[in-house]
Amino acid sequence: MQQISCSALIRQGSFINGAWQHAETSFKVVNPASQQLLAQVATAGAAEAEQAVLAADHAFAGWAAQPAAKRAELMQRWYQLVMQHQDDLARLLTLEQGKPLAEAKGEIAYGASYIQWFAEEAKRLYGDTIPAPSADKRIIVQRQPVGVVAAITPWNFPNAMIARKAAAALAAGCTFVVKPAHQTPLSALALAELADQAGIPAGVFNVVVGTDAKAIGEVLTRHARVAKFSFTGSTAVGKQLIKQCADGVKRVTMELGGNAPFIVFDDADLDAAVQGLLASKFRNAGQTCVCANRILVQRSVAQAFADKLAIAVTQLKVGDGLAGDSQIGPLIDANAVEKVVQLQQQALSAGATLLLGGKIDQAGTQFYQPTVLTDVSAAMEIAKQEIFGPVAAIQTFDSEQDAIALANNTEYGLAAYFYSRDIGRVFRLAQALQFGMVGINDGIISNAAAPFGGVKQSGYGREGSHYGLDDYTDLKYLCLGGL
């Protein structure tokens, strides 16, 4: 932590109504690479969550009344400060989350891109004029901010998941309360410090940090002053939060679990497919919701693809994220390691073959070797659950229809990927795959200009793009008569 050059970014308590909170009790934030203590952070609970909601409610009218250009100006300042402190923010992120520093720098820039994007979109929150049924009437449709927005965000992207929700909310004229994951609160608090420095008014952006997720979540989903709730996390938790929002008929956006297929056809550029898979599968040590989870390779090229993949995977460097050459950091905690071990063991017991890796790395107890399994079947648990670790599980298929059936055989529908140079197949697959996002000859698909989100049990609503403001606004229809 002493290597963070701007000490103001290191905050150890919730940020509510423009002030930093203190408490008698605290919780530990630990470096997953070394298990060393990073910080003791003041614990907030239900009372502080309610305080944040009331602060956001009080600030809403003033923020919504600001001209869009003024909101955009303040958000641009926030963006510039984030990029100015990119190196410190990345180091802080790596310390508490573990991902390689190069990836952390990429996440900071990625998160900041949403602040920049929505700062610009704030000035383009257009309505409509609709032809009326008679000459003496006019029909106008306006878009207005929904009100207080509450959010709960995960530990795997502790900067970007907050930035892309908060940026859309603030651009629309909403105020915002977020509870970040207790494993990674420091990145969220640093964002709050920079929002404050940018001049964003008190109560507009609030961060509540604590370990009692259930109590805080109850407030954020049930409080009468919360108009909209946004969540990124597991489907199981998302379902419970949806139920809690239902009593208040709140607007809800859910970005939930995934089970992404990565399909390689016999006409694909295999070298490009291997590089795409490395990016999609092994980024953040496999701990991403859009991570390639089921690798489906046409049988005629399966051996060639596996050979090329094995060579590429052996070159991945495992180590502390602050080491310059690290490409695979630690898993977030011991439970995450245990889940990966169990899924792999179940697959091997059911007939899968270990091609490469398959054990805890010498770098430390939470580092798992990049692993390749072949002879995996759709019946195995590793093909049904999110692995959330650096394990590539390869299945084979024979025909295009087989690939489509295997890919769609899941309750999830967040992201899918496929590699093919047949233009007809490209359009057929793009239409047939039941996923909210499809990467075609590309393993990295997320950016601020595109709508991020899923279908089926991967959730609903979209983040990013001009569609990303839809969930933060209400349509108001004005009928002018007597003209």
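User: Where is Gly127 found?
Analyst: Gly127 lies in the loop between α4 (101-121) and β5 (128-130). Helices (H or I, at least four residues) and strands (E, at least two) are DSSP runs, numbered from the N terminus. This is a predicted model, where local features need pLDDT of at least 70, side-chain atom pairs count only at pLDDT 80 or more, and totals for chains, interfaces and linings use all residues. Residues are numbered from 1 along each chain as its sequence is written, and side-chain values use heavy atoms, with hydrogens and water left out.

User: Switching topic: which residue does UniProt list for "active site"?
Analyst: The unreviewed UniProt entry lists Glu255. UniProt positions are given in the numbering used here, feature names are shortened, and annotations may be inferred rather than shown by experiment.

User: Where is Glu255 found, and what is it in contact with?
Analyst: Glu255 is in strand β11 (residues 251-255). Its relative accessibility is 2%, so Glu255 counts as buried. Leaving aside neighbours within four places in sequence, Glu255 is in contact (heavy atoms within 4.5 Å) with Met161, Arg164, Phe231, Thr232, Gly233, Cys289, Leu414, Phe452 and Ser458.

User: Now helices. At what angle do α9 and α10 cross?
Analyst: The axes of α9 (residues 270-282) and α10 (residues 299-314) come within 10 Å and cross at roughly 55 degrees. That makes α9 oblique to α10. Angles under 35 degrees count as roughly parallel, over 145 as roughly antiparallel, 65 to 115 as roughly perpendicular and the rest as oblique. Axes are lines fitted to C-alpha atoms, for helices over the stretch in contact, with angles from 0 to 180 degrees between N-to-C directions.

User: Which residues meet there?
Analyst: From α9, Leu270, Asp271, Ala273, Val274, Leu277, Leu278 and Phe282 meet Val301, Ala304, Phe305, Lys308, Leu309, Ala312 and Val313 of α10. By class, that contact has twelve nonpolar, no polar and two charged residues. Ala, Val, Leu, Ile, Met, Phe, Trp, Tyr, Cys and Pro count as nonpolar, Asp, Glu, Lys and Arg as charged, and the others, Gly among them, as polar.

Key. Buried < 20%, exposed > 50% of the residue type's maximum accessible area, 1.4 Å probe, protein only.
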